[in-house]
Amino acid sequence: MMNRRRPPFTPLLFALCLSLTSAALATEPDGKQPPRPNVLLILVDDLGYSDLGCYGSEIETPNLDALADNGLRFSQFYNTAKCHSSRVSLLTGQYCIAAGDTSLSQAVTSAEVLAADGYFTAMSGKWHLDKQPTDFGFQRYFGHLSGACNYFRGDDTFRLNGEPWSVPEQDFYTTVADVDYAMQFLNEAQQTTTPWFLYLAFNAPHAPLQALPEDYAKYKGRYDEGWDKIRERRVQRQHELGLLPKTSEPSERPAHIPAWDTLSEKRQTFENKRMTALAGMIDRVDQEVGRLIEHLEETGELDNTLIWFVSDNGACPYDRISQKIEAEPTRGDVSWSDSTGWAWARNSPFRLYKQNQTEGGISTPAIVHWPAGLKTQAGSIQRSPAHLIDILPTIADAAGSTIPTEFADRDLRPVSGQSLLPIFQGETIEREQPIHLLFSSDRGLRDGDWKIVSFRKEPWELYNIATDRIEQHNLAHQHRDRLTRMARKWNEMAKEVLHTQTFDPKYGIPSDEPVSMTATHPEWTDFSVDPMNNVRGSMGVRGSMGRKKNPKSISNTPPKARGSIRARKNTQLQRRESELHLTFTGEDPGIAIDHLPADLPPGPYRLAFDLLSEAEGNGEVFYTTTLDQSLPKGQRIPIEIESDGQWHSHTIALGEAPQIYRLRLDVSEGKGLAQIRGLKLLSSQNEPVIRWPIAKIKVLK
């Protein structure tokens, strides 16, 4: 049974221990080389810029605050704005697409680099990439391979050292279990004489919003006043902490977020409870980090452990299905989605969210703690821009390890990150190239003090981050030459560094006002209606509330309709002989199979097809592994598409699931034409188990 209530280490005692440690280290003879550091890399999921106490939050995070007070905080640390792509960059030092995306086929991981140099390597938590961590250099692994799971019930992707692991029926909570196994792995490492590398990847505070009862109870009543007041106080605290210039003002509330006092009582009640759950989940992460730090103190390994704490993206605005909203989210059968309103407050003072390349999506807390290695003043704030791609080069530099240029069965591409070790030593660095920003149709480039950004294929906007960190004053009109040069550089890096498509934004003159003030998205919360159980909380794909799930829909589906293809939004679908001809008329088009036959042979499966594309952007596959999941929930796999009017073959591994229920295939992000032939689902024996088209699709003569 897991101990869920062990108290965290005391930050005051922690600070005293560090002072004594630093004094002891200072007395070592000059010239003596310290031992190679241990490395603890902590990643959280969907954490907003202001969600920690040391970044302005009212949430109690004393253990992480203590790490910051005795270490180093970054004020401009960037990620990719998305879960899986940030994990790729974190582990490989490359941009996601350049690394081979989730396959990591053109990169090596930090675990592989350090293991080759004698380190004991272990991981605990969320993987969200292909295969398993034990296939990429981690000698020990506990956690789930999926992108998200029920905190109390887990899912069927849990593994322990490469083998399936059954989640206990009671006394289980994922955040706690992650640290239980992390400490078990450290105990193993401490039986050796080698340094260790531990990657701890929490799923929290990613949805579903589920908190331990004691953590939820702690924050009841704290969010009665709503997001306007909470955001105002967080920004004030950020000014006091020195994270923001005192002259800066937070971005205004955008049109898609209503004032708190205009919400209905039912909406306020549910939103209040959602933030209460989020606060409890973040508090629990802090408690578990404290438990791990206490363990390092007891074993005498804290001073020479290089600790990183980072997030994969900003707060999530996507409001999908919530169940049992009248209950409290403190058990496994209560499952809530995210709130766009609270995401706006949690990303204070910035604008927009996860998946967007504005500061709200890509800038998150980053703390470094390493008493034996940091030469900066305790509690200092580093204002140089840095990125997740810099972590592997920094770790390798600190460990004295070399990142290989060749590796068995992989065609490696160069690392794009650079070591931040000079910053740890109190020096400055000059970035060798701009920071490239890309996820799906959101794009950006940070070059020195300047940044260009595009929201969902809108025209480029231009900001001087040195004077306008919050991106409120679009200078695209005033500095057209600079914008053109930076857009050209974005395309150059996309082609030569990421090996992906270039980008020509929509025609038209951009407004001086940031697009975020009037932007909309089909999955942001619809505040014009009261929340309901089992109904999409967002506007849905056609601008109206999503339809309520019908639990009888699957059983009532005629057998002949199982496995049939439907066209998704902005998609016209026609059959010509054995080919599917697709016409895309807008954003986010594709096809879906809502009900796969139940009598398919067991997986894992692969999806294979040939594609000829003349449409915009890359693609992705979604599939669900449980009967109660609806698309696009479940697993997601990005696809790199060549839109050159030529046929290209694709084969995509659909994880390790023995059964899948729904399938969605997007081969474009926007307008254009495409043809698909040979679409089939392959079994674990590489045999076709279902071929498409099999449905009653209009045949053109």
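Predicted model: local features only at pLDDT ≥ 70, side-chain atom pairs only at ≥ 80, totals over all residues.

**Salt bridges in the chain**

Residues are numbered from 1 along each chain as its sequence is written, and side-chain values use heavy atoms, leaving out hydrogens and water.

Lys-126 and Asp-45 form a salt bridge, with 2.5 Å between the closest N and O atoms (the rule is a side-chain nitrogen of Lys or Arg within 4 Å of a carboxyl oxygen of Asp or Glu). The two residues are 81 positions apart, and the pair links distant parts of the chain: Asp-45 sits in the loop between β1 (38–44) and α2 (62–69), Lys-126 in the loop between β4 (120–125) and β5 (140–144). Helices (H or I, at least four residues) and strands (E, at least two) are DSSP runs, numbered from the N terminus. By the salt-bridge rule, the count comes to 45.

Two further pairs lie within helices. Arg-237 and Glu-240 meet at 3.6 Å, N to O; both belong to helix α7 (residues 227–241), where 3 residues, about one turn of the helix, separate them. Arg-237 is partly exposed, at 35% relative accessible area. Glu-492 pairs with Lys-489, their closest N and O atoms being 3.1 Å apart. These residues are likewise 3 apart, about one helical turn, in helix α13 (residues 480–496). Glu-492 is partly exposed at 35% relative accessibility, and Lys-489 is partly exposed at 26%.

There is also a network of salt bridges that links Asp-180, Glu-214, Asp-215, Arg-284, Glu-288 and Arg-291.

Helix α13, which carries the Glu-492 and Lys-489 pair, lies across β13, β14, β15 and β16 and runs at about 110 degrees to β14. Contact means heavy atoms within 4.5 Å. Axes are lines fitted to C-alpha atoms, for helices over the stretch in contact, and angles run from 0 to 180 degrees between N-to-C directions. The four strands make an open sheet in the order β13-β14-β15-β16, with antiparallel pairing (two strands pair if DSSP finds at least two bridges between them). Its edge strands, β13 (435–439) and β16 (461–464), each pair on one side only. On average, neighbouring strands in this sheet are turned by 15 degrees against each other, direction ignored. Between β14 (residues 442–447) and β15 (residues 450–454) there are 5 bridges, and Arg-446 stands opposite Lys-451 in β15.

As for the rest of the fold, the largest nonpolar core holds 86 residues, of which Leu-52, Trp-227 and Ile-367 touch the most other members (a core is a set of buried Ala, Val, Leu, Ile, Met, Phe, Trp, Tyr and Cys residues joined through side-chain atoms within 4.5 Å). Helix α8 (residues 265–298) gives the largest share of this core, 12 residues. Apart from it lies another core of 44 residues, including Phe-74, Phe-77, Leu-114 and Leu-421. Across the chain of 701 residues, 61% are buried, and the chain has 13 helices and 27 strands.

Notes:
Buried < 20%, exposed > 50% of the residue type's maximum accessible area, 1.4 Å probe, protein only.
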